Amino acid sequence: MSMGINWLKYSSPQTFYPLAGRLIPWFASVAVVLMGVGLYMGFFVAPTDFQQGEAYRIIFVHVPAAWMSMFLYVVMAVWAGIGMGLNARLSFMMAQAIAPTGAMFTFLALLTGAMWGKPTWGAWWVWDARLTSELILLFQYAGVMLLRTSIDDARRADRASAVFALVGVVNVPIIYFSVQWWNTLHQGASVSMATGSKMAATMLTAMLIMTVAFWLYSIAVILARVRCIMVERETLPVWEEKPAALQEAVEVR
Amino acid sequence: MQWGSASEFFAMGGYGLYVWTSFVATALCMVWEVLALWRRRAATRAEQRAALVGGTDETTA
């Protein structure tokens, strides 16, 4: 490559496995620090909302969770697509590792949304375009994961869940633009690239810090999960950074 | 800061149930995910060790 970095090197499992292992503590610790800062700002610096009172503070988990649910789905579909195109096992494993975290954030977006809907709309749930399409996203994650567990052959499971993930990516713009395309009960975007933010600066800052924290958290847990998957699927324990397990085993003998 | 006391903070202007359920549920999900991965990693380590020793016999490891 012109940049002098051999990117292909990082796509080999032997390099990727220890590299991921070294990166996890960094992503995790920055995520924890940012969550602390974001929560402090969200609860102690950001002012009370003049319309929604203190209920609006749910935004500091709701919006980051909802963004992550959509973002992770797209990233999962991209890895699935790369896996299909290049027949790269590691790409399929990345897609496999993303699904549970994406599903968790989708569940949290729906749950925190219900917690916000009840006091502001008077209903935990409405069959509104935004809510319904987000619920469908949860089913899509479930589908991707169930398809994998229902097919014994790992290669076939990779392909089947990749096709499912790729087809379903069409729902992500539907979720995102649902508040514009349909007359929904769900409020419009608080932050827009076209119009900027409609929120107080400290509210916006707290929300963005929480989003970055959730993003780094996701990277940490996904890297941890993909390492597990690599060991589980390859059965060849050759990727350990130092052969610590080997040394330990030999010492006992 | 807009909180006069700790009880005022926990009350969240009457929305305490909704606000705290949201934050606690999110925290529990994340903690659960991390713990589940921790256990999964321990299991894969045990598997690796067993494979390196050349058997799945627990007594050798």
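**Ground rules.** Residues are numbered from 1 along each chain as its sequence is written, and chains are lettered from A and ligands numbered from 1 in the order written. The model is predicted, so local features need pLDDT of at least 70 and side-chain atom pairs count only at pLDDT 80 or more, while totals for chains, interfaces and linings use all residues.

**Chain A, overall.** I looked up the secondary structure and found nine helices and two strands. Helices (H or I, at least four residues) and strands (E, at least two) are DSSP runs, numbered from the N terminus. Along the sequence the pattern is α-α-α-α-α-α-α-β-β-α-α. Of the 253 residues in chain A, 38% are buried. Buried means 20 or more other C-beta atoms within 10 Å of the residue's own, exposed means 12 or fewer, and partly exposed lies in between, with C-beta atoms placed from the backbone.

**The core.** I went to the largest nonpolar core and found 71 residues. Such a core is a set of buried Ala, Val, Leu, Ile, Met, Phe, Trp, Tyr and Cys residues joined through C-beta atoms within 7 Å. Elements giving two or more residues to this core include α3 (59-86) and α4 (89-121) of chain A, together with α2 (16-53) of chain B. α8(A) gives the most, 18 residues. I98(A) is among the residues with the most contacts inside the core. Leaving aside neighbours within four places in sequence, I98(A) is in contact with L72(A), V75(A), M76(A), W79(A) and I222(A). Contact means C-beta atoms, placed from the backbone, within 7 Å.

**Y73(A).** I found this residue in helix α3 of chain A. Y73(A) counts as buried because it has 26 C-beta neighbours inside 10 Å. Beyond four places in sequence, Y73(A) is in contact with G102(A), L137(A), V169(A) and V172(A).

**Where the chains meet.** Ala, Val, Leu, Ile, Met, Phe, Trp, Tyr, Cys and Pro count as nonpolar, Asp, Glu, Lys and Arg as charged, and the others, Gly among them, as polar.

**One helix pair.** α4(A) and α2(B) pack at about 170 degrees, with axes 9 Å apart. The two helices are therefore roughly antiparallel, a label for angles over 145 degrees. The residues making the contact include M104(A) and W116(A) of α4(A), and Y18(B) and C29(B) of α2(B). By class, I noted nine nonpolar, five polar and two charged.

Notes: Contact = placed C-beta atoms within 7 Å. Axes fitted to C-alpha atoms, helices over the stretch in contact; angles between N-to-C directions. Parallel < 35°, antiparallel > 145°, perpendicular 65-115°, else oblique.
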